[in-house]
Amino acid sequence: MRAGAVRCGLLLLVAAFLVGCSTVRPWINQPNKELTPAIAPVDGDERDPSILMAVIFSGGGARAAAFGYGVLEELQASRFMWNGQERNLLQKVDLVGGVSGGSIMAAYLATYGEKGLGRFEHEYLRRDFQDSLLNYALRPGNLVSLTSPWFGRSHLLAERLDALYQSATFGDLARRPGHPELLITATDMSLGTGFDFSKSQFDLICSKLEDVPVSFAVAASSAVPLLLSPVTLRNFAGECPPPAQQGDAWDDYRTRLYRDQARSYLDSKNRPYIHLVDGGLSDNLGVRRMLDSALADGGLRPTLLRTGIAPGTIRKLVLISVNSERDPSANIDMSDRLPGTAEVLDTLLFGAGARATKETQEFLADLTRQWKSELAQRYHGGQDVFAPDAQVHVIQVNLRDAPDVVQRRKLLQVPTALSISDQDVTQLIGAGRTILSESPEFKNLMQALRQDAPR
């Protein structure tokens with residue numbers, strides 16, 4: 001008994017000593033003294049701008065990654081002729097984005113491209129990443145690091161993800177021909193709104209997106225509060241010329257809020273640091289900031305004109321939104337007893353939280369109708385980026401649309417974790433492929449591609 005007490009006392013003394021002496025600091029962004037243009041496409045990047053395509057993955061841990069992987073497999077299997085060559089849809093993806101678990105999948109595609117996609121199943125989905133992360137955190141050196149006031153559990157996650165992405169930065173990805181551009185979204189804790197790892201966002205804080213490790217962005221987007229720690233960026237606004245502000249082409253409450261949020265980053269005196277957590281807290285679909293930006297620009301054409309796309313280029317504009325949300329573990333409406341703490345948290349997160357996702361999906365549906373209406377009208381704002389026969393295809397792929405009722409109920413209960421069972425991985429991959437292939441909007445896209453292919 002006495003020996004055990006002495007041993008415990010020594011351990012406490014060691015812990016106290018470690019807490020007092022650890023000064024480990026993680027990676028943090030540096031200032032960019034002048035605004036620089038985006039990295040130009042590298043030689044050999046033969047991406048065809050006549051099809052402009054984005055795929056965005058929702059949050060949901062490994063469940064979202066597996067479901068999204070199935071969607072990408074189906075895109076890879078969907079072949080058509082275009083400009084005299086046989087292509088598949090995955091090769092046509094220009095932008096891939098994600099939130100939380102979906103960002104893990106998105107970053108992998110952006111890092112390794114279409115040819116490297118097949119390794120993701122073995123390197124992440126079929127491995128117990130969560131258990132390996134816990135073992136990594138318990139290493140003595142990492143326990144010491146965790147006592148630092150600047151270093152948290154999310155930084156350990158970033159270190160583990162760095163191996164998955166081979167230490168790539170956003171600048172590295174931009175120099176890889178044929179790879180889609182990457183968009184990762186986290187949540188700004190102070191504002192409760194999305195924070196995009198994009199050039200426009202980093203211009204606001206006078207820092208270079210190219211220097212950001214991909215693993216850092218994914219860890220920020222996956223930093224579930226309490227389970228993982230926030231990550232921090234420095235705000236250097238004022239140390240370089242402020243970026244040009246978007247005009248007032250559209251006066252809407254969403255547009256005003258979007259501009260107010262952007263202006264808040266220009267006040268580095270009161271916001272010298274930005275703390276980021278899980279992107280799913282602000283928008284689990286990962287598309288809201290993109291839609292708000294298009295609305296603030298005054299429509300689809302002005303947004304695309306800002307990207308420098310040649311006039312009359314775009315014939316097909318495609319956006320695929322992949323939603324892997326889950327149901328609450330229990331239906332509290334089936335009982336008259338008071339819900340317990342765990343049930344309250346679970347229902348608020350996966351029940352009430354689904355309302356925000358539904359609102360975003362309806363917002364996307366409204367904007368889709370607006371975009372299609374735009375295409376039907378003659379454009380008077382300058383040279384049009386769209387060809388006369390251009391089409392917009394917006395495809396929403398929801399896990400809730402799995403055709404088999406029993407399987408759907410099971411998949412909607414798969415936990416939101418960094419690792420899930422092999423059986424769940426297999427079923428989620430299959431569900432992603434099936435739901436996309438059976439989507440009426442997707443069938444319309446494939447029919448249009450096969451009928452309208454330029455020769």
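Helices (H or I, at least four residues) and strands (E, at least two) are DSSP runs, numbered from the N terminus. Colour the chain by these elements: it has 17 helices and ten strands. The model is predicted, so local features need pLDDT of at least 70 and side-chain atom pairs count only at pLDDT 80 or more, while totals for chains, interfaces and linings use all residues. Residues are numbered from 1 along each chain as its sequence is written, and side-chain values use heavy atoms, with hydrogens and water left out.

Next, show the surface of the whole chain. Of the 455 residues, 49% are buried, meaning under 20% relative accessible area (1.4 Å probe, protein chains only).

Among contacts with a separation of 6 or more, residues 24 or more positions apart account for 81%.

Then select Cys-206 and Cys-240. They form a disulfide, with an S to S distance of 1.7 Å; the term covers a pair of cysteine sulfur atoms within 2.5 Å, and by this rule the count is one. The pair links distant parts of the chain, 34 residues apart. Cys-206 lies in the loop between helix H9 (199-204) and helix H10 (214-221), and Cys-240 in the loop between strand E7 (231-234) and helix H11 (253-264).

Finally, inspect the torsion about the S-S bond: it is about -130°, so the disulfide is left-handed. Cys-206 is buried at 1% relative accessibility, and Cys-240 is buried at 9%.

Key
Buried < 20%, exposed > 50% of the residue type's maximum accessible area, 1.4 Å probe, protein only. Contact = heavy atoms within 4.5 Å.
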